[in-house]
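I opened the notebook for a friendly look through this one, and I jot down what I looked up as I go.

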Amino acid sequence: MNSFKFERGQTLFKIFGCYRCIENETPTHNDPIAQLFFLKDSLNLGTKMTLELTKSISMQPFLSVEMAKATPFSSTKLTEILGLFNIARGSMEAIAIQQTLVECEEQPLEGEIKRCVTSVEAMAEFVKAEMGNRDVHVIETTVEGGGDHQVVPRQVYLVGSKEDTHVEAEALVSCHPVPYPRAVYYCHTITNVEAYKVHLLGSNGVVVDTVAICHLDTSAWAQNYVGFKMLKVKPGTEPICHFLPRGHLIFAGL
């Protein structure tokens, strides 16, 4: 089993999957991750936003369900896991794997249900358990035009449409890819949120239909959460919104 590319996945997981994680560094307006945050009232037709939407993490294939069940996935089995994937202890990859395992094992927020899934079947099982018999639609950020879709340069985008942007859903599950040698998604229920599809027109001709999530209640989040720092607001005061990078999935129960 080969190693994997570290890239920016671990940082994105901490930001979009761990709202209690504390960010000690102060984000800047040039930080491509910090730029994904905005206040709900600021998203209007014709608004200009500078964003970098390059795919954030190298997507690895899922293990088969049989192999996933037979492969250890626990922080207590770290040495065995590093051996299976031929990864050197102390390397960036090893550190990323350890952080992923620890964060997957953290207790959820009050009212949240979470699970790190290691196979397609496990993801479907989690979504079905939380959605029940509802019809489920998958929404994600997509890119058209502008050349190489893997690399979308930092540029100015224009909010081109707000028609049918609000995703009417009775239940929402979000799944975030996390750094690991094979596909692992951090899936969790999200409540007190509104989901939107936003049409962005890039200055180089690229067209992005991106997913935006607005969190209406942030009172239980860490005070040093990067979104608060970027938007200069405090927990529980204003709804905080962010775009979801490509590769992150929202399951909407309609």
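How many salt bridges does the structure hold? I found three salt bridges, taking a salt bridge as a side-chain nitrogen of Lys or Arg within 4 Å of a carboxyl oxygen of Asp or Glu.

A note on the ground rules before I go on. This is a predicted model, where local features need pLDDT of at least 70, side-chain atom pairs count only at pLDDT 80 or more, and totals for chains, interfaces and linings use all residues. Residues are numbered from 1 along each chain as its sequence is written, and side-chain values use heavy atoms, with hydrogens and water left out.

**Entry: salt bridges**

I began with Glu-194 and Lys-40, whose closest N and O atoms are 2.8 Å apart. Glu-194 sits in strand 10 and Lys-40 in the loop between strand 1 (37-39) and strand 2, so I noted a link between distant parts of the chain, 154 residues apart. Helices (H or I, at least four residues) and strands (E, at least two) are DSSP runs, numbered from the N terminus. Lys-40 counts as partly exposed at 30% relative accessibility; for such labels I use buried for under 20% relative accessible area, exposed for over 50% and partly exposed in between (1.4 Å probe, protein chains only).

Next I looked up Glu-125 and Arg-115, with 2.9 Å between the closest N and O atoms of their salt bridge. Glu-125 lies in helix 5 (residues 120-131) and Arg-115 in strand 3, so this pair ties together parts ten residues apart in sequence. Arg-115 is partly exposed, at 31% relative accessible area.

Then came Arg-134 and Glu-170, a salt bridge with its closest N and O atoms 2.9 Å apart. Arg-134 is in the loop between helix 5 and strand 4 (136-139), while Glu-170 is in the loop between strand 7 (166-167) and strand 8, 36 residues apart. I have Arg-134 down as partly exposed at 32% and Glu-170 as exposed at 61%.

**Entry: disulfides**

I found three disulfides, each a pair of cysteine sulfur atoms within 2.5 Å. Cys-104 and Cys-116 have their sulfur atoms 1.9 Å apart. The torsion about their S-S bond is about -85°, so I wrote this disulfide down as left-handed. Cys-104 is in helix 4 (residues 92-105) and Cys-116 in strand 3 (residues 114-117), and both cysteines are buried.

For Cys-175 and Cys-187 the sulfur distance is 2.1 Å, and with 115° about the S-S bond the link is right-handed. It joins strand 8 (residues 171-177) to strand 9 (residues 185-189).

Cys-214 and Cys-241 have sulfur atoms 2.0 Å apart; the torsion is about 105°, so this disulfide is right-handed. Cys-214 in strand 11 and Cys-241 in strand 12 are 27 residues apart.

**Entry: nonpolar cores**

I took a nonpolar core as a set of buried Ala, Val, Leu, Ile, Met, Phe, Trp, Tyr and Cys residues joined through side-chain atoms within 4.5 Å. The largest has 19 residues, of which Leu-51, Tyr-157, Val-198 and Phe-243 touch the most other members. Strands 2, 6, 10, 11 and 12 each supply at least two residues of this core. A second, separate core of 14 residues includes Ile-81 and Ala-94.

**Entry: aromatic rings**

I looked up eight aromatic pairs. Rings of Phe, Tyr and Trp (its six-membered ring) pair if their centres lie within 6.5 Å, with planes under 30 degrees apart stacked, over 60 edge-to-face and the rest tilted. Trp-221 and Tyr-225 have ring centres 5.0 Å apart and planes at 70°, so the pair is edge-to-face.
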